[in-house]
Amino acid sequence: MGSVGLGIDIGGSGIKGAVVDLDNGVLATERFKVLTPQPSTPAAVAAAVAEVVSHFAWQAAVGCTFPAVVQAGVARTAANVDKTWIGTDIEKVLGASTRLPVTAVNDADAAGVAESTWGAAHSRRGLVIVVTLGTGIGTALIYDGVLVPNSELGHIELEGVDYETRASAAARERDHLSWEKWAKRLQHYFSALEFYLRPELFVVGGGVSRRAEKFLPLLELGTDIVPARFQNEAGIIGAAYLASLRQPGPEAAQPEMVVEPG
Ligand code: BGC
């Protein structure tokens, strides 16, 4: 077996993990899921993540997505998880409960990395915007294959409201919208992104991208827009991959060279 990593996707309703084949960007095991504890406090989520890790009897680095701005391992926002996460060092808290090195990354950024490394945006030059439509709207900006982390374009204000509250997949269900009615909101949203950022490509992810044929053809944009390859697995794959990049190489394991004076 080539290199593998464990990826865990922390969402508002479920916490899902799988071992990822990092040579090919595919899951190497079935996914294992536990429900996100409510309230989703750091201690409760950390215990749930440890349960996922022990299901796989995993003993190496772990990559975890988190549905918020994550800077140097610390949650800076908390849109769909308990507010007590704000200011919490995710990597430290999950590292303590799992006793393993943890890399934390914004969920949409992880999805974006998976799509750009192995998926719908593979080898695309210029700006690609990956948009995940779920409970919220997550975005990843990737320029020439390099992630520009923590874009929060799901929250752009249109019609006087944070537009995630109108155009997310959850908003479609909440408001019982037909595909056509939802597509009108998506049209508004993607037109704004196109106007302000002029990407080369939009990639649309999240569970609902499984039904992309119902709504993507209804959008009129000057920019190509395609469904994600990985849908709900993208976060797991991207997080496992990003954690593997943090691994110290063999040279780092060498004892430091001691230079004798004189
Ligand atoms: C959060 C983002 C997250 C997205 C998808 C938004 O509400 O602000 O950080 O990527 O939801 O979970």
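Trainee: Is histidine 176 buried or exposed?
Mentor: Histidine 176 counts as exposed, because its relative accessibility is 73%. Buried means under 20% relative accessible area, exposed over 50%, and partly exposed in between, with a 1.4 Å probe and protein chains only.

Trainee: What kind of model is this?
Mentor: This is a predicted model, in which local features need pLDDT of at least 70, side-chain atom pairs count only at pLDDT 80 or more, and totals for chains, interfaces and linings use all residues. Residues are numbered from 1 along each chain as its sequence is written, and side-chain values use heavy atoms, with hydrogens and water left out.

Trainee: Back to histidine 176. Where is it found?
Mentor: Histidine 176 is in the loop between helix H5 (169-174) and helix H6 (179-197). Helices (H or I, at least four residues) and strands (E, at least two) are DSSP runs, numbered from the N terminus. The phi of histidine 176 is positive, about 50°, although the residue is not a glycine.

Trainee: What about glutamate 159, what is its phi?
Mentor: Glutamate 159 is not a glycine, yet its phi is positive, about 50°. Glutamate 159 sits in the loop between strand E12 (157-158) and strand E13 (161-162), and at 52% relative accessibility it counts as exposed.

Trainee: Which residues does the cis peptide bond join?
Mentor: Glutamine 38 and proline 39, with omega about -5°. Proline 39 lies in the loop between strand E4 (32-35) and helix H1 (42-55).

Trainee: New topic, helix H2. Which of its residues are buried?
Mentor: In H2 (residues 90-98) they are Ile90, Glu91, Leu94, Gly95 and Thr98. Seen down the axis of H2, these fall within an arc of 120°, so they line one face of the helix. The arc is that of the directions from the helix axis to the C-beta atoms.

Trainee: And which exposed residues are on the face turned away?
Mentor: Lys92 and Ala96.

Trainee: How many helices and strands does the chain have?
Mentor: The chain has 8 helices and 15 strands. Its radius of gyration is 19 Å, close to the 18 Å that the globule rule gives for 262 residues, so the chain is as compact as a globular protein of that length. The radius is taken over C-alpha atoms, and the rule is 2.2 Å times the number of residues to the power 0.38.

Trainee: What share of the residues is buried?
Mentor: Of the 262 residues, 52% count as buried.
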